[in-house]
Amino acid sequence: MRAVCLAMLAFLLLSCSTFQSSGLPVLNGLPSAEQSLSGEIVQSCEQTFFKGQYQFVHSIVFQMADGHGATVIGVTVLDGDTLKTGLMGVEGFVFFEAIQKKDSSLEVNRALPPFDDPGFASGLMRDVRTLFQVPSDPHPSVGTFADGTSVCRYVEDKGQTTDVKINMDGSREITVYDTDHNRERSITVGPRIPVDGLLIPGNLKLKAHGMRGYSLDMTLISAEKIRKYENKKI
Amino acid sequence: MMRLLTLILFLIFFSFPLQVKATEADLLASVQVDSVQADFTQEKQLPILVRPIISKGRFVFQAPDSLRWEYFSPVRTVLLMHDGHIRKFVQHGELFKEEQGMGVDSMQIVLQEITGWLDGEITDTPTFKVHTKDNNRIILTPRQEALAKIISSIELKLLGQTGLMESVTLNEGEKSLTRMVFSDGKLNEKIPAVTFIKP
């Protein structure tokens, strides 16, 4: 029995050293020999996201925690600091369309059931920003997790934390924690594939945690870098 | 609202045989639609899109109420209607998975209205007004204000007097439309029942 208790104590201590009670994993500093790589790691983390003007079209398998869900087509247009998004059925009928500008003002052009919930638009835009745009912290912390993978940790002004983890196979993981360090979003960014001269993740998986959790499994249909003369048409 | 959306979707694919009935008096008095099938290319335009989204598929209709509405790309889906049952399947990997929700149940509710159209009752529908612009075009506009906010009009373009449809355009608002252009249309060919049962 004493051995069992000691084993449990050791497990608990190990757990505490790996995860803080808040749920935010401990970020170990880079070994002194690797300090010089810090800038490269940040650059690599930021390559998870997109700067500039792009149009993405994904098929999105949406699933609620109760198992209900549907397949829709999602359009995302990154236009500098302006974000445009649309959701439509495979048959082409548009359920939701909105634009969010740099000042965060949200213009919902169309929101049909079941996408007309007041919180849906802001939640969707937030998810899209998390998926495609680098967090606002200009000076992320760089380190490693216990398994040795490199991590950039971005802390927003309001206290939200975003970890970007670079896996050995080239895939990335983005985890978002709220101000109490509860995990809010887990995102797996699949390896990049060549599309029209660009390297774009072929798959994105987002899981929203909590009582009203849901998941999005996004498969890339098309990606285009928007040229200036095309942008004028928008 | 979902019922209305479903109705619209049904209208799009039922418009193929529908036009034959709607223009019976002035164009195709002798055309009897037992079955119709065609490939289609769908173009989706939105104000936010730099380039339209192109989808390709095929649909098959057998009177009185069997339908297969299938997309090959960009997402492989099959909507089946047969014996009053409506099912939607989406391909994941090599397998088709049946999808529940998103109005599939409500499709059964509108079935009665659809069969009414197929019986030539299009001018009597409480949902749309029918305007014949010329011999080859029919414009449908919603009667209800609520529906008009999301669908401004539907334009059906006929392929001469063949009894086939050239295109259907669903106008959703300024710079927002869905256009289906049909090709390789075949009228009244025998279609095996399994077409409407299995994805």
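This is a predicted model: local features need pLDDT of at least 70, side-chain atom pairs count only at pLDDT 80 or more; totals for chains, interfaces and linings use all residues.
Colleague: Let's start with chain B. How many helices and strands does chain B have?

Modeller: Reading from the N terminus, the order in chain B is α-β-β-β-β-β-β-α-β-β-α-β-β-β. Counting them up gives 3 helices and 11 strands.

Colleague: And what percentage of chain B is buried?

Modeller: To count as buried, a residue needs 20 or more other C-beta atoms within 10 Å of its own. Chain B has 199 residues, and the buried share of them is 38%.

Colleague: Now strand S9 of chain B, residues 153–158. Which residues make up its covered face?

Modeller: In a regular strand the side chains alternate between the two faces of the sheet. In S9(B), the uncovered face holds Ser153(B), Glu155(B) and Lys157(B). The covered face is Ile154(B), Leu156(B) and Leu158(B).

Colleague: Which residue in S10(B) is the bridge partner of Ile154(B)?

Modeller: S9(B) has strand S8 (residues 137–142) of chain B as an antiparallel partner over 4 bridges, and there Ile139(B) stands opposite Glu155(B). S9(B) also runs antiparallel to strand S10 (residues 165–173) of chain B, with 6 bridges joining them. Within S10(B), the partner of Ile154(B) is Leu170(B).

Colleague: Over to chain A. Why do the buried residues of H3(A) end up on the same side of the helix?

Modeller: Helix H3 spans residues 118–132 of chain A, and its buried residues are Ala121(A), Leu124(A), Val128(A) and Leu131(A). They share one side of H3(A) because the arc they cover around the axis is only 100 degrees.

Colleague: Which exposed residues sit on the face turned away from that buried side of H3(A)?

Modeller: The buried side has cover from elements including S3, S4 and S5 of chain A, along with strand S6 (106–111), strand S11 (183–189) and strand S14 (203–208) of chain A. The face turned away from it carries two exposed residues, Pro118(A) and Gly119(A).

Colleague: Last topic, the interface. Which element gives the largest share of the side of chain A that touches chain B?

Modeller: The contact involves 26 residues of chain A and 27 residues of chain B. Strands S2 (53–64), S3 (69–79), S4 (82–88), S5 (94–100) and S15 (214–225) of chain A each supply at least two residues of chain A's side. The largest share is 5 residues, and it comes from S3(A).

Colleague: How many residues on that side of chain A are nonpolar?

Modeller: Besides the nonpolar ones, the side of chain A that touches chain B has 6 polar and 6 charged residues. The nonpolar ones number 14.

Note on methods:
Residues are numbered from 1 along each chain as its sequence is written. Chains are lettered from A and ligands numbered from 1 in the order in which they are written. Two residues are in contact if their C-beta atoms, placed from the backbone, lie within 7 Å. Ala, Val, Leu, Ile, Met, Phe, Trp, Tyr, Cys and Pro count as nonpolar, Asp, Glu, Lys and Arg as charged, and the others, Gly among them, as polar. A residue is buried if 20 or more other C-beta atoms lie within 10 Å of its own, exposed if 12 or fewer, and partly exposed in between; C-beta atoms are placed from the backbone. Two strands pair if DSSP finds at least two bridges between them. The arc is that of the directions from the helix axis to the C-beta atoms.
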